[in-house]
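Keep the structure open beside you as you read.

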Amino acid sequence: MKTVTLSKAIQVILFFVLVFGGLYFAKPFLAPFAIAALLALLFLPLSGKLEKKGVSRGLSTFLCVLLLLIVIAGIVALLSAQVAGISKDLPQLKENVSKSISQLQGFISDKAGISPQEQQKMMEEQKSGGGGASGKIVTAIMGSISGILVDTILAFVYLFLLLYLRTHLKSFILKLVPPENKENARVIISKASKVVTKYLTGLGMMIMMLWVMYGIGFSLPV
Amino acid sequence: MGNVWNWFFIAGIKNAIFFAILCGLLEIIPFIGNLAGTGFTILMAITQGGGSTMVIAIIITYVIVQFVQTYILEPLVVGSEVNINPLFTIMVIVVGELVWGVPGMVVAIPTLAVFKIICDHIEPLKPYGFLIGSEGKKDEENIFSKIKGWSKK
């Protein structure tokens with residue numbers, strides 16, 4: 001009978017702790033890289049097609065990255081144009097919000113017996129608890145925005161280099177495996193990249209269909 | 001044409017396109033994304049002074065879109081390429097969120113799909129590939145490997 005020794009169990013537990021702990025602490029490095037790697041697999045077929053038409057590796061990679069940039073810029077432009085429209089209505093929105101708040105206050109004083117003045121006082125107490133919080137929030141937001149910007153640029157650089165050096169990287173993996181397993185490794189690489197490509201293109205197409213569906217649903221007159 | 005659009009946007013939610021794009025984009029984050037998007041849209045509709053009919057209309061839209069997505073779009077577009085059973089899909093997304101936050105949830109499913117393929121092709125890891133995989137896909141895999149066998153001959 002095969003027995004499970006304690007040291008074996010400890011090895012398994014240690015393995016999981018190290019994997020997930022390592023992933024957790026390596027997030028700032030690994031997250032942009034992982035996203036870039038997935039995007040590289042998404043653009044693999046397009047880059048390959050361009051190269052078949054005689055475009056050089058460098059140019060085809062550049063075109064793929066450029067396409068991604070244009071798509072992202074387009075979405076950001078669309079969203080920010082809409083946000084501008086929303087911020088134009090801001091005074092009206094504020095009025096609506098304060099109206100709903102006073103309604104809510106009335107509801108609370110009806111049901112819980114706390115008058116609007118008392119509620120106001122409670123809110124003030126809550127706020128004064130975190131004195132100078134707004135300054136902290138602004139710094140935090142600025143920090144996270146600059147962090148996201150740096151990560152995005154990093155992801156683009158990784159994406160470019162991963163696409164550009166893909167043959168090099170693939171040969172490295174194939175060099176690692178012993179000769180009798182080379183064919184298997186090749187199959188794994190091609191299948192894995194295909195799965196990610198299919199998943200991401202599918203996701204992209206689904207999002208576009210959802211835009212149309214939500215767009216119609218949300219703008220339909222009620 | 002302009003009149004028609006005006007009429008649409010006055011009657012529906014203001015900046016409907018913005019919310020449509022947002023809800024679509026949030027689909028990148030599995031499970032939570034579409035709920036967050038719809039919740040935000042409802043909140044904004046209320047602050048815009050929309051009544052309960054508008055909220056109900058948003059919820060109806062959400063339900064219809066969810067239905068179409070799960071039963072028509074997903075099988076058609078994303079397909080059965082990613083053979084992971086629901087248990088591990090949810091688990092990997094939760095783990096992804098805990099370890100990496102939002103990027104973790106985005107990366108989780110494709111990473112697990114790659115992991116499964118690696119497991120499926122390395123003899124000692126095969127049970128784990130089977131564990132992650134969806135039930136009843138065994139026959140399909142057999143057909144697949146048969147075809148592969150023919151092409152090799």
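A residue counts as buried if 20 or more other C-beta atoms lie within 10 Å of its own. The model you are looking at is predicted.

**Exercise 1.** Work out whether helix α1(A) lies largely in the open, and check its span.

Solution. Start with burial: of the 20 residues in α1(A), the number buried is zero, so this helix lies largely in the open.

**Exercise 2.** Describe the side of chain A that touches chain B.

Solution. First, count the residues: the contact takes 46 from chain A and 51 from chain B. Then find their helices: α1, α2, α3, α4 and α8 of chain A each supply at least two residues of that side. The largest share, 24 residues, comes from α8(A). Finally, sort the residues of this side by class: 33 are nonpolar, nine polar and four charged.

**Exercise 3.** How do α8(A) and α6(B) pack?

Solution. Begin with the geometry: α8 (residues 182-219) of chain A and α6 (residues 102-121) of chain B pack at an angle of about 155°, their axes 9 Å apart. Angles over 145 degrees count as roughly antiparallel, and therefore α8(A) and α6(B) are roughly antiparallel to each other. Their crossing is right-handed. Now look at the residues that meet: those in α8(A) include A:Val187, A:Lys191 and A:Tyr199, and those in α6(B) include B:Ile109, B:Pro110 and B:His121. By class, this contact has 13 nonpolar, two polar and one charged residues.

Methods: Residues numbered from 1 in each chain as written. Chains lettered and ligands numbered in written order. Predicted model: local features only at pLDDT ≥ 70, side-chain atom pairs only at ≥ 80, totals over all residues. Axes fitted to C-alpha atoms, helices over the stretch in contact; angles between N-to-C directions. Helix = DSSP H or I, 4+ residues; strand = E, 2+ residues; numbered from the N terminus. Parallel < 35°, antiparallel > 145°, perpendicular 65-115°, else oblique. Left-handed = near helix turned anticlockwise from the far one by under 90°. Contact = placed C-beta atoms within 7 Å. Nonpolar A, V, L, I, M, F, W, Y, C, P; charged D, E, K, R; others polar. Expected span 1.5 Å × (residues − 1). Buried ≥ 20, exposed ≤ 12 C-beta atoms within 10 Å, placed from the backbone.
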